[in-house]
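Thanks for making time this morning.

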Amino acid sequence: MSLNCVEIEEIIKYIKLPAIIKEFTQSDEYSLVISTNYNELIQKIIISVKDNFNRITIVPEKEKLETFDLRFSQFLNANIKFAVITSIYQVNYSRIVIFEVENKLEKFKLVARLWGVGGNILILNNSDIILECLKRYPKRDEWINNKFIFKENNKKFDYTINEIFKNQDGKIDSDKIYFYYKEKIINEKFNNLKNSLLEFLKKEITKIKNELINIEKIINEDE
């Protein structure tokens, strides 16, 4: 389950702006972590486009998040680290979130397409030309030097905030979103490992059974 358009709209309201980008990292190959500084308030924003787990949320203050310096974050650090995020908005409830970023020389758009399957994160120049992307989709024209097309979207929607993401006041709770997906992903990894182990054991058991059958045949032939 990915965040819906209403949940995304509410979450981005909690991101303090204008904020200086301190660093980009990644928690895995599907995500981007943006460390920001707003009047000495440090916020870490995590954007993930993992299939069926698309989300944007703020990392809880005391949470120790393991991160890595991967290709996409390396590019962003080399080009827009210490730039300023001036605004964040969603395009017509499309689940496309735009971070407008600028430094002394240029303006950029960091675009998060938070769709259920096949989401992506891209950095565009001021003319919407793709400079780099988290995942490269040539058949969708999501490739370096291509122009990113913001498709028209139906503004009609009937989504509401999921009850599991609400606090006592009925408002969206960023921490609940963060820990919900953290648990889901841990469970998914556990189940994948368990299934892989079971498949391996089945193959080994079959192999041993076949070897026993062959040994029994040889014994019978000797008799």
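Helix H2, residues 71-80, lies across E1, strand E2 (31-38), strand E6 (96-102), strand E7 (107-113), strand E8 (120-124) and E9, and its direction runs at about 145° to that of E1. Please keep in mind that this is a predicted model.

Which residues of H2 are buried? They are Phe72, Ser73, Leu76, Asn77 and Ile80, and because they cover an arc of only 135° around the axis, they sit on the same side of H2. The cover over these buried residues includes E1, E2, E6, E7, E8 and E9. Just after H2, Phe82 takes a positive phi of about 75°.

Let me turn to the sheet itself. Nine strands form an open sheet, and if you follow the order you read E4-E3-E2-E1-E5-E6-E7-E8-E9, with antiparallel pairing. Strand E4 (55-58) and strand E9 (130-133) stand at the edges, and each has a single partner strand, so one side of each is left without a neighbour in the sheet. From one strand to the next, the twist averages 30°.

Within that order, E1 and strand E5, residues 84-90, run antiparallel and are joined by two bridges; in one of the pairings, Ile20 has Val84 of E5 as its bridge partner.

Staying with E1, which covers residues 19-25, I would point to Thr25, which belongs to this strand. Is Thr25 buried or exposed? With a relative accessible area of 11%, it falls under the 20% cut-off and is therefore buried. Leaving aside residues up to four places away in sequence, Thr25 touches Leu32, Val33, Thr67, Phe68 and Ser73, and Ser73 is, as I said, one of the buried residues of H2.

What does Phe99 touch, not counting residues up to four places away in sequence? The list is Ile34, Ile45, Ile47, Ile56, Ile85, Ser87, Ile88, Phe108, Lys109 and Leu110. As general background, nonpolar side chains in soluble globular proteins tend to be buried together.

How values were computed. Residues numbered from 1 in each chain as written. Predicted model: local features only at pLDDT ≥ 70, side-chain atom pairs only at ≥ 80, totals over all residues. Heavy atoms only, no water. Contact = heavy atoms within 4.5 Å. Helix = DSSP H or I, 4+ residues; strand = E, 2+ residues; numbered from the N terminus. Buried < 20%, exposed > 50% of the residue type's maximum accessible area, 1.4 Å probe, protein only. Pairing = 2+ DSSP bridges. Axes fitted to C-alpha atoms, helices over the stretch in contact; angles between N-to-C directions. Arc of directions from axis to C-beta.
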